[in-house]
Amino acid sequence: MIRYFHLWSLLLFSFGATAQSSAILEAYVQEGLQNNLSLKQEGLEIQKVNEAIVQAKSLFYPKVSFNPTYSLAAGGRRLAFPVGDLLNPVYNTLNQLTQTNNFPQVENVNELLAPNHFHDTKLSFQYSIYNPEIQYNYLIQKTLLSAQEARKRVVENELKYTIETAYFQYLQSQEALQIFENAKKTLHELVRLNQKLVSNNVVTKDAVVGAEYELSKLEQQAIIAAKNSNVAKAYFNFLLNRELGSDIKTDSLLLASNQKQFIAPSPALSSLTSLATQNRQELKQLAQSILASQTAITLHEKAAKRPSVFIGGNSGFQGFGYKFSGQAYLVTQIGLQWDIFKGYERKSKIQQAKIQTELLKTKQSEVEKQIELQTTQAYFELQAAKESMKSLADGIRKAEQYFKVIDSRYRNGNVLLIEYVKAQSELLNAQLQESLAQFDILSKQATLNKITAVN
């Protein structure tokens, strides 16, 4: 009970940490899961495996077929037998002795071996009473279906993570544009202030030129930021299989709703690793593949030792010309097939299946180690991002205070333009770094959620 309580605690933490998945983002995730082309391909793969199960199951039912044939023949080998030459002299003698014609003349036989104007119109029936290959092939196909369904959940987990991080990237690019717009307003105000100071002969004209130059540099940076935002927008719409230029709803409350998570402690690494190994669908996919391989071993072992038994039969009409009268026939059969020796083919197949099983088990161990490594890396990257956020939050407050002081002193003529520009540039960089750090934490948390497969 303690163990399950601990796991539920981890799940609750993860759901709390994914407050980042707001209603808007969650709606986009669901849209992506419905429309993404890669996921649709996985759905089609599952349908294909389902059809393979239907085909395997159909072998349990009887097979009935209608097989009419009509043969025309000319030339080829003939059956020649001089029956007339052998019997007619005897028949003539008998007719003379009896003074009758009771013994007619017989013609020699001269028939084509290939039947001409011959038809065989029949219904064929066959039913397998016992066949281990059919039974175990059906079990293998069902196991492969479970493996394919696990594969689809792997793609869903990866797609959910990709959509979330793409959305964070787009929001960050939008926030960067807003930061640049605010900075441009500040520099526009600086240009107007310097123009007033020049008109009042307080500063020289070079102060205006310098401020305009700084504004032009900022506008160039804003152009690059706008390009990045358009690319992020197109990529996000691509994941949702929409028109690349489609509008994206912006969750303005996303960062505010996650402020507590930026400094909240994470669960123990060992607990996260245990959660990941339990939830990851890659391991479930491999487990089902191992089961299918083990079933294949059983199939070949039992098929080699046991015979298959079937019943069948034919019913229809057979004869020369389509007369049907007097041509009906019925044949029933019961059969047994037991492969005593097939040149060590089954032995080789058993060995091949055992090798495949060992290969999959080795792969399973490797994936478990990879998941442990991924969890460790994501855990420490998230911790580092949170620590970085703490120092950045303190730095941006100081940058804002410093800029206010410099701005006030500049307006009173106590600071040079170069100092004002430097303070403004440092504030801009601090704001951009804070924005990047905040969305980086969200992305790192999304990475950890993906690795632990927490939905």
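This is a predicted model: local features need pLDDT of at least 70, side-chain atom pairs count only at pLDDT 80 or more; totals for chains, interfaces and linings use all residues.
Let me begin with a backbone detail: just after helix H6, Asn241 takes a positive phi of about 60 degrees.

Turning to the chain as a whole, we have 11 helices and 6 strands. The radius of gyration is 42 Å, whereas the globule rule gives 23 Å for 455 residues, and because the former is well over the latter, the chain is more spread out than a compact globule. Along the principal axes, the C-alpha atoms fill a box of roughly 160 × 55 × 35 Å. Buried residues account for 38% of the 455, and the accessible surface comes to about 27200 Å², with 56% of that belonging to carbon and sulfur atoms. Among contacts with a separation of 6 or more, 84% are between residues 24 or more positions apart.

Now to the sheet, where 4 strands are arranged in the order E1-E4-E5-E6, forming an open sheet with antiparallel pairing. At its edges lie strand E1, residues 63-71, and strand E6, residues 328-337, each of which pairs on one side only. From one strand to the next, the twist averages 20 degrees. Strand E5, residues 308-320, pairs with E6 over 10 bridges in the antiparallel sense, and to pick out a particular bridge, Phe317 has Ala328 in E6 as its partner.

Key
Residues are numbered from 1 along each chain as its sequence is written. Side-chain values use heavy atoms; hydrogens and water are left out. Helices (H or I, at least four residues) and strands (E, at least two) are DSSP runs, numbered from the N terminus. Two strands pair if DSSP finds at least two bridges between them. Axes are lines fitted to C-alpha atoms, for helices over the stretch in contact, and angles run from 0 to 180 degrees between N-to-C directions. The radius of gyration is taken over C-alpha atoms; the globule rule is 2.2 Å times the number of residues to the power 0.38. Buried means under 20% relative accessible area, exposed over 50%, partly exposed in between (1.4 Å probe, protein chains only). Contact means heavy atoms within 4.5 Å. Accessible areas come from the Shrake-Rupley method with a 1.4 Å probe; for residues, only the protein chains shown count as cover.
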